[in-house]
Every structure is written in structure tokens, then in C-alpha cells.
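Here are my quick notes on this one. Have a look at the model first, then read on.

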Amino acid sequence: MKNENFKLSELPYERITIESFEKETTEILKEFNAAQSGEEQFSVHKKYYGVMGKITTAMILAGMRHDGNVSDEFYEKENEYYDEISPKIESFQVKYQKLLFDSNYRTYFENKIGKVPFKDIEIKLKAFADVLIPLKQEENILTSRYNKLIAQIKVEFKGETLNLSLLGKYLKSKDRTIRMEAAKVRSEKLLTIVDELDDIFDKLVANRNAQAKAMKYDNYVELGYYNMKRNSYDKNDVKAFRNQVKEVLVPVASQIHEARRKRLALEKLDFVDEGVYFLEGNPIPIGTADDIFTAGKTMYSELSSETKEFFNFMLQHELFDILGRPNKAAGGYMEMLMLYKAPIIFANFNGTSGDVDVMTHECGHAFQGYLTRNDEIVEHNNITNETAEVHSMSMEFFTGKWMDLFFGSRGDDYQKMHLEDAIAFIPYGCMIDEFQEIIYTKPELTPDERREVWKQLEKEYKPHLAFEDDEFFSEGRTWQLQKHVYNWPFYYIDYCLAQTCALQFKMIMDEDYKEAWQKYLAFCLESATDYFPVMLQNVGLKSPFADGFMKGLVEKIKL
Ligand code: ZN
């Protein structure tokens, strides 16, 4: 911690045992109860920050090193250990938060840490009770089964054995015949596992419904919202948002798809064409991973003094683990090492435009974490997902004018592709959300009936889409590849809400880049100090839940 020149790869790691954790936390609970004033209790609260910061830092380090080399047995064991003890950690947190909630010095705390954390505790208590533990354990087993099933899919294509993510390159090939062949082998493979995909989901719905019943809720929708820590909007707000998308945004997305169909010289836009934006193929970054970092450094130095300082910090401490390697887990993410006040970024560079997305999207998350790392009130970091995704998805637009550095003469193509993709994503995301709401409201539906629900939604949200006799995708199964549906119910709408805010920043920056940046900085600095719609309002942005919001947004979009 005191070492100013630490490097991520050299950080010491030591297991935090549940015994030492429980010893420290028992002491904290005792001291908290014995405290005689708000000040005294707050100094105990800081010890709570300390013990949680220590264990989460250890867990993140172990997790990231395991992801960095999944065949490393040491970190595999460490990870398994934390999986096993994490319910006990959660149980302590709930116990502690209950004390805080009922503290005699509540007013003192509200002045010190704000009112939002108390609302969050209220929601946490609605979302969790010990009675759920066995069901949650079963839920974890089911989601792991799904993740493993998907991760193990291998197809033979053009003499190579490929997993789904590597096949992705061919699914986006500029050569339509290759795309169709790749989609065909994928669907053939997927058709061999449909029964298992259905079975896992059927059990997950039953399990989650049982969790809702155990907590005395009508169905899982309410519990799912508590799990997502929704502290400032409910399912009616989300429904109204989705209706605005259907009425106003879907026609705009259809125009975009139609323009693309013409650009690609196709008779109709089939699902195999969805990932392709230009006849000559999608832009790909030029040069090596080092070149991407050099470009990133130039970009962030020029963008602002804050981003310059941030990116230099990331480079100085080597806080990226982004090169693709055998034995490295898939995916990309950003985490915050509280003990070192350092954001870290994990990814798998593979030579596609996704590599640049890491530089913009994940760096958006990391930049916000860096900006606010010295805030002594740790609750301010409990940022809900829709807010966090505004930080990252907006950064994707703020970096737009530097895209020539990454894509050479095709920088403008990348920006066009990115904007079209950003808009077309929103109807898809809303469809995923509405699907889940229907499924959990009617848990009795059979797998076949669920597919009918999906097919109906596709007509509403993606009317342009055709499926050239594909047995998997035309049969209402697209959602079965969307891992959020299995792993994190109701998460998906967060990306849609955030995207509309990122688009608002885009509109402002088209007029006045500096002004947009100042607003963005102010929004990042708000962290989670207030509720999402209020924080937006504070910096002059509109809430996506406001009446007529989508119409106003669409009128200003320059395509
Ligand atoms: Zn993100």
C-alpha cells in the first residue's frame, strides 16, 4: 500500500481465512454496539470499511489471477475457498447493516454517508434472508451448469476446432457465404443441446419462483428487482420506458437496418447479417496490442488532464491484463482494488474492434473508479449498474474523435458502426427485459410456450429481422445464448437505460465537446451519492423515465 511503485503482477497475495475474518468482524459488531456517540460509531464503521476492503481485494486478486491462468492450481483453490465462504461474508454484512440501519446515531450517519445507503440496506433486507441459502446454492449450481455447457461448445470449422467466441470472427465475416456456413454449424451444434438448455432454464425459473414464495412475494419480479438493488424506479417505470422504445425507437432502428441492408446489397437482412456493417467488412484495429496502448496513451493525454493522469497511472502500475493467452478465461471486466485504490482491467485481445472497446468502455469504468478513489465514504462506491454503465458507455462516445489512431482511414466507419449499434441495441435489450418479466410473472409456462413469447416479442421489437430457415434461431431461442438471462435476471435493462444517457452525452458533445465533458466529469464524481434520476438531473441530463423522453432523444440523433 505504501509502495508507490507497485505493479499489479507483483502485488502480494495472502488468503484471508474465514476464522480471521470472523474474529475481526465479531470485534467490530461488539464495538459498534458499545459506541457512545455518532463519531465513535463512525470510527468503528471505518474499521468495517477496512475489513471489507481487505477481503474484497484478496478475492479480486485471486479471481483475476485464476482467470489469467485457469490451469493454475493455487489460485483455483483460493477461488473455491472464497466461493465457499462468501455466504458467511454476506451473512455478516447483513447483520452489520441491520445494526447500522437501527443505529441510535442514524441522523449522524445520514449526514455523514447520505440517505441512499440506508435505502440500499432496506432493499438488501428485502432481498436476502437465511431461508434462501439452500435455494441460492441450487441456483448457483444451475447457472454454473449453463455456463459450462456454453463454454464447452466446440465446432469444427474450416479445419479448426473453435469455441463460440472464436467462431464469432467468421459469423461477422464480410463474405456472406462464410457467415452462413458458420451460422449453420453453430445452429447444428446448438440443436444438440436444446433439451438441456430448456431443462436448466425451467429449473431456474422454478427455483427463483420458490425464492420469491419463501420471501412471501407474489412472484420473482419483485425479488429480482430487489436483487438488482433498484432504489429509484420500479417495474412500472421500466414498462413505460420499454413502451417508449417500442413506439419511438423501433421505427428508427428499422430505418437504420434498412439503410444497412442497402449498403450490404442484400435482398433482406437476415440474422446472419446482423453483425456486419459494411460491404468491405467491419473495421479492425491496425497494428499490435502495443500499438493499441500507444494510441490509447495519445488519446487520453489529448482528451483531458484527468484522463491523462488516469491512463499514466494505469500504465505505471501495469493495471491491465488484456493479452489473449491459452488458459485464460473469456470475458472482460474492470474491478477496483480498494486496498491500493487502483482500478484493474481484464480482457482478451483478439485483433477485432472489441480490443478498442476495452480501451474505451472498460477504461470508462476504470476512469470513474480512479477519479473517486480517495472518497473516504465507501458507500459512495455502491454504484448501481445503470449508473456504472453510463460511465463506460459514454466514454465510448467521448473517445470517438480519436478512432483514426486505432483504425487508420476507417475511423469514421468505426464511429458509424458504433452509433448504429448503440441505437439498435436498445430494442434488443428491452426485449430481453420484457421476456424475463413475462416469464417470471407466469412461471407455469412450458419451454414451448416461452419460445412463443419470445417469437411474439421479436415481431414487436425487431420487425425487420428474417431467419433463413434456421431451426434454432427461428424457433424463438435467441435468448438462450444471452448469458444474463440465465445468470443475472433483470440486469439487462440497465444497459438500455445507460445507453440512452450515453446518447444524450453524444448529442451534447456534437454541439459543444467541452461542455459535454464537464457534465460527464460531474456525473462521474457523483458516484452513488444520490439516486440515478436525480444525479442525471444534477448535471442537466434527462431521466430516461420522463414522459416524451425518447421522442426528444430521437429528434436530436444525427445518423
Ligand atoms: Zn460495462
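**Notes on charges and fold**

1. Glu-73, Glu-76, Glu-80, Asp-83 and Glu-84 form a negative surface patch. Patch members have over 30% relative accessible area and no salt bridge, with like charges joined within 9 Å. Glu-73 sits in helix α3 (residues 73-101), and with a relative accessible area of 57% it is exposed (exposed is over 50%, buried under 20%, partly exposed in between, with a 1.4 Å probe and protein chains only).

2. A word on provenance: this is a predicted model, where local features need pLDDT of at least 70 and side-chain atom pairs pLDDT 80 or more, while totals for chains, interfaces and linings use all residues. Residues are numbered from 1 along each chain as its sequence is written, and side-chain values use heavy atoms, leaving out hydrogens and water.

3. The count of salt bridges is 38 (a side-chain nitrogen of Lys or Arg within 4 Å of a carboxyl oxygen of Asp or Glu). One of them pairs Glu-24 with Lys-54 at 3.0 Å, N to O. Glu-24 is in helix α1 (residues 18-34) and Lys-54 in helix α2 (residues 38-68), 30 residues apart.

4. Glu-434 and Arg-242 also form a salt bridge, with the closest N and O atoms 3.7 Å apart. Glu-434 is in helix α17 (residues 411-441) and Arg-242 in helix α11 (residues 235-263), so the pair ties together parts 192 residues apart in sequence. Both residues are buried.

5. Overall, the protein has 23 helices and 5 strands (DSSP runs: H or I of at least four residues, E of at least two). Buried residues make up 54% of the 559.

Technical notes:
Patch = residues over 30% accessible without salt bridge, like charges linked within 9 Å, V, L, I, M, F, W, Y side chains within 5 Å. Areas by Shrake-Rupley, 256 points an atom, 1.4 Å probe, with all protein chains shown as cover. Lys, Arg positive; Asp, Glu negative; His and termini not counted. Charge placed at Lys NZ, Arg CZ, Asp CG, Glu CD.
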